[in-house]
Amino acid sequence: MKKVWVLFVALIAAVVLAACGGESSSAPSQTNEGGTTEAGGGEIEEFVYASTSDVAGLSPILTNDSVSANVQEHVYETLFERDTDTGELIPSLAESYENPDELTWIFKIREDVVFHDGTPLNAESVKYTFDKLRDPATAAPRASLLEPVDEITVEDEFTVKITTKYPYGPFLASLAHSNAAIVSPTADQAQDLMSNPVGSGPFKFVSYTPGDQVVLEAFEDYRDGAPDIKKLVFKVVPEISTAISMLQTGEVDFIDNLPSEQIARIESIQNVDIEKKDGTSVFYLAFNQSRPENQDENFRKAVAAAVDRDTFVGKLNGLGLRSDSVLGPMVFGYNESKNAAGQAYDPELAKQLVEENGYGDRTISLLTANRDNFILMAEIAQAQLTEAGFNVKIETMEWATFLDTARAGQFDITFLSWANLTQDGSEMFYPNLHTDNIGSSNRAQYSNAEFDELVDASRTSVDQEERLNYLDQANGLLLEQNDVVVMYHGVVTGAMNSEYTNLILEPNGKWTLKDVTRK
Amino acid sequence: MITLIVRRVGELLLLLLGISFLVFGSMYIAPGDPASMIGGPTATEADLENIRENLGLNDPFLVQYGRYLGNAVQGDFGYSYQTKQSVADAIAVRFPNTLKLAIASMVVAVVIGLVAGLISALRHNSWLDFTSTTFALAGISIPNFWLGALLILVFAVNLQWLPVGGLSEPFYTAEGFKQLILPAITLGTGSAAMIARMTRSSMLEVVRADYVRTARAKGVKETKVIWVHTLKNAMIPVITVIGLNFGFLLGGTIITEKVFAINGVGRLMIDAIAMRDFPLVQGSVLLVATLFVVVNLIVDIVYTYVDPRIKYE
């Protein structure tokens, strides 16, 4: 018997010794893994970003998710991009453009750009990419970006002409979308870009292990000069707290999309800098307007008066921006005057309206997805609405079921969000609130002829001043009738190893690492 | 024995047919549209319709199932809706990680579980027994998520002895071995506790059997009584527990894989379900079912070696 006991003790000792034995050798190797190896000068031999999800694929034509876009934006480029500070659309692969009439766009393409496979980027590449994106046989998830396009013609080697079926105001914003990035036609015909992408961006593809990581390397012939990061790894770390631990130990150099409840922990890590920027995303309470009881203006007013958005934003640890405006400060169409244009928090008014109209007699179903801050919003709103006399029942669903249920209009009120990648107000209003999209992306089932007209005008005008005016009016209309109750506007975040600097965070939640260098 | 194997393979084929129908049927009627998950929130109805048509999702259920089955019998398990990668490739990339983790955690579980169970049984009602059963209870009760996070915090973040996560290095290298330690302990603890409890109760039962008393009366040495007469006979239920646990582990361990950023089958399956990636869900479930049947078959075969009285006609 003693032998068994000795064996047990020996086993425990062996495990402990094995762990102890790692101390001297593992610490430096972890440092190497994290990409902190000195490469001399400003060069960074390896830089690791941790993402909580895997990419869906590496072709901008066949994907439409933010994780894939993060990788793609380092491999591919678009004709236009947004200035990260002003939000203004600026040429990227396009050198210049002209609008001879409302339906015609002529783009001059830069002449000094080559794809990673050596193919020159020219007007043919642009035509090839856009034709493929809008071809129904491709079944591209974001074919709608080019839905207004009628014809694409190559005028000369570096000039492409695009005619649209109707005047389309947000066209340049669509061309700045990561799904409208230009791919190498030679590569696309020879290989599968989903697993072997070829673009003209600052990094070129090295390898992809599904579910694990994507590895890129600096493109030495990049037109603006090769980036300092020589090897860039996009690593999948599904659990955010694990990713934060890896950031702390140096196994990872950068994470984004920081959850508000983890901010304090990340702030306490010495070797990490947090960056924040006002974002384009909006989170709002929506009514199912296909139900007659929700079309009652007083009902919506009572709900809006009962929900204290200031208190909610206070719980986000600085990761939310309070404004009633549906279009946030970083979105084209925003007007400061709409910041307080919605129904203010007024619990007494809410109680009075509930009592007068008997709103407490029916059960309101509050549908919510079980992700991010949605459950928190739902729970706080339920408590405040109950306080005002409403009878609210929360229905929580996983994302795919939620999308289906909301699309089918099986709820009274719900919380929705919109990332607004193009940063254009028309691109928020049209899919989410225009009558055309009831049954698909207009989950609020909202239908208002006056609003539709204003949104249509904002889409079909190419005069940007006019567009601002239409969008502002549409925004005002939503707030006036409490059709949308904005909970908060997102703040984009990133946490990076403090050895490095020059991370570019964009308001739409994207970021670029091409300028990252040592401090 | 050959009969047993042939019969089990026949049963496996029928089982796989039944499971494929059930999985296909339940994914078909489950809420959530694969096209919405591919198209994302910005896709318009026209985009979604195009995707559905392209994937054949507009066809009637039996047409879709028949097509799947027809391809599957030819060894083609389809392509992921999301990544367009073949299902076989997607699983082949991840299964080695799951296998590595399952074996490592079973080693931890069997070694700790057997030793603790034996000590408990042989020192019945002593402080050793009490300590061992308390640890076994704790092992069963502690959630993997909590234990994993705690181990990371202590051994990876604070002491920096081991890496936080990943399983990318080959297991026979020092780095690969270190990557395995924390997830194997996290995953093995629950199984170890179960094995310990089963070993203890089974040993206590056998120790009181007549043939053990006879062996002692004959003057057989105590070590021989324990290792040959008692332990071997007490092993049948323990082997069953080990087999069942190993079967579960091979099916992927979602939480441990997630906490330790391991690219395994469990994570693949849960992500595929969330994204309504039907071909991937189907492929992973069929793999898990096959592994379960194979492990059970191996367990049945092992029984005959442990207890020669067991014979399969």
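Which residue of β7(A) does A:Ile152 stand opposite? The residue is A:Ile162. This briefing concerns a predicted model and covers a sheet of chain A, the confidence of chain A, and the domains of chain B.

**The sheet of chain A**
- Four strands of chain A form an open sheet in the order β4-β5-β7-β6, and their pairing is antiparallel.
- At the edges of this sheet are β4 (94-101) and β6 (149-156) of chain A, each of which pairs on one side only.
- From one strand to the next, the twist averages 20°.
- Strand β7 of chain A comprises residues 159-164 and is joined to β6(A) by six bridges, the two running antiparallel.
- In β7(A), A:Ile162 is the residue that A:Ile152 stands opposite.

**The helix across the sheet**
- Helix α3 of chain A, residues 123-134, lies across β5 (104-109), β6 and β7 of chain A.
- Relative to β6(A), helix α3 of chain A runs at about 165°.

**Confidence in chain A**
- Chain A has a mean pLDDT of 90, with 92% of its residues at 70 or more.
- Residues 1-40 of chain A have a pLDDT below 50, although this stretch makes 56 contacts in the model beyond near neighbours in sequence.

**The domains of chain B**
- Chain B is assigned domain 1, covering residues 2-80, and domain 2, covering residues 104-276.
- Taken over C-alpha atoms, the centres of domain 1 of chain B and domain 2 of chain B are separated by 36 Å.

How values were computed:
Residues numbered from 1 in each chain as written. Chains lettered and ligands numbered in written order. Predicted model: local features only at pLDDT ≥ 70, side-chain atom pairs only at ≥ 80, totals over all residues. pLDDT = per-residue confidence, 0-100. Contact = placed C-beta atoms within 7 Å. Domains from an automatic or database assignment. Pairing = 2+ DSSP bridges. Axes fitted to C-alpha atoms, helices over the stretch in contact; angles between N-to-C directions.
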